[in-house]
Amino acid sequence: MEKKYLFSPGPTMLPPEVLLKMAEPIMHHREPEFEKIFAEIREGLKYLFQTKNEVLIFTSSGTGAMEGAVSNILSKGDKALVIRGGKFGERWGEICKAYGIEFIPIDVDWGKAVDPKQIQKALESNPAIRAVYTQASETSTGAKHPIREIVEIVKKHEETVIVVDAITGIGVFNIPMDEWGIDVLISGSQKALMLPPGLAFAALSDKAWKFVERSNLSKYYFDFKKELKSAQKNQNSFTPAISLFVGLRESLHLIRKEGLEAVFRRHEKLADATRAAVKALGLRLYAPDSPSNAVTAIKVPEGIQGGKLKSLFFEKFGITVAGGQDQAKGKIIRIAHLGYYERLDMVMVISALEMLLKEMGYAFELGTGVKAAEEILME
Ligand SMILES: Cc1ncc(COP(=O)(O)O)c(C=O)c1O
């Protein structure tokens, strides 16, 4: 028998409640039935993003909202500061380049969190910087950046906004948008929102909306002003991914039913258990100093090929984990625990890891990792 499991940091596994809703016959997006769903979603997203402002929804993968956060926030001649601590930080730079925006990179060693002092220094010596672009959780390395501290620094600069890609942060750990004063907060559907890929989200502070007002870069599909007007009428500007919206209403219900704090605690526990297992097995984390609760990046031990380990997960157990990208290729595997994951899911994936490592010749006692995880999961 073949059974498949996703432990990749997006797409992630989906709750049956969401799957069933999405299987219902499709409705038309310009009818009151859809508008009612849209209205509920707007409220649910404000709860999830912890903001009073509108959360815009785009039918695209998460990168669409990232692109919009450059083309709608900046204007010709503006400068940007880009935190590059992995693949997704690099993407901010690539988008700026595509829009002719000169950017100053802060290159962070992969697996490390950015030092906020570097941001402070960069802003002080480059007053022309209009936006700071970062990730909350750099999925490619498993590291978490200190968003609260970064926001405190950017706040002091009236002519600069902070844009946070929280695609693997929202619904995983606490990022209270309004309380902290984040200007642009971005997410995507295929992560902790427990949906298939296909929706991107962006919420903006009042300060960020002022930047949108004066922005003169070209935009069409990802036009934040146009999308805000549509959202206020419970509509999307274009044909939305209707079935995903229907699923989103359900996943937002599930999140609200569990409660945000409980959701964060669950993610913390799953991440803690995974990290404890890694340690007990004598393995090392790729981002030991500031690990994200979304995904655990594990260094593959000496003598074992990362690519091979990743493929064996699937061949032997039907489990998809992620490997490393670019400079981390073959060196790490990434086990995700964001979204629809519970305690026993982690026991299963750690057990699979043990069996594979044993088979590949890594010396340890079977059950060591599982035991360490169980001890945390029972607390
Ligand atoms: C932190 C982060 N940013 C951006 C993206 C890109 O999102 P998408 O692939 O949905 O465009 C991802 C996807 O894994 C991500 O994890």
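This is a predicted model: local features need pLDDT of at least 70, side-chain atom pairs count only at pLDDT 80 or more; totals for chains, interfaces and linings use all residues.

Tutor: Numbering starts from 1 along each chain as its sequence is written.

Student: What makes a residue buried or exposed?
Tutor: Buried means 20 or more other C-beta atoms within 10 Å of its own, exposed means 12 or fewer, and partly exposed is in between; C-beta atoms are placed from the backbone. Phenylalanine 38 has 21 C-beta neighbours inside 10 Å, so it counts as buried. Phenylalanine 38 sits in helix α2 (residues 32–49). Helices (H or I, at least four residues) and strands (E, at least two) are DSSP runs, numbered from the N terminus.

Student: Which residues is phenylalanine 38 in contact with, leaving aside neighbours within four places in sequence?
Tutor: Contact means C-beta atoms, placed from the backbone, within 7 Å. Phenylalanine 38 contacts Asn234, Gln235 and Phe245.

Student: Why is helix α3 (residues 62–71) described as largely enclosed?
Tutor: Nine of its 10 residues are buried, so the rest of the structure largely encloses α3. Among the buried residues are Met66, Glu67 and Val70. They pack against elements including β2 (55–59), α4 (87–98) and α9 (224–231).

Student: How is the span of helix α11 (residues 260–280) checked?
Tutor: Expected span is 1.5 Å times one less than the number of residues. The 21 residues of α11 should span 30 Å, and the end C-alpha atoms are 30 Å apart, so the two agree. Buried residues of α11 include Val263, His267 and Leu270. Glycine 282 follows α11, with a positive phi near 80 degrees.

Methods: Two residues are in contact if their C-beta atoms, placed from the backbone, lie within 7 Å.
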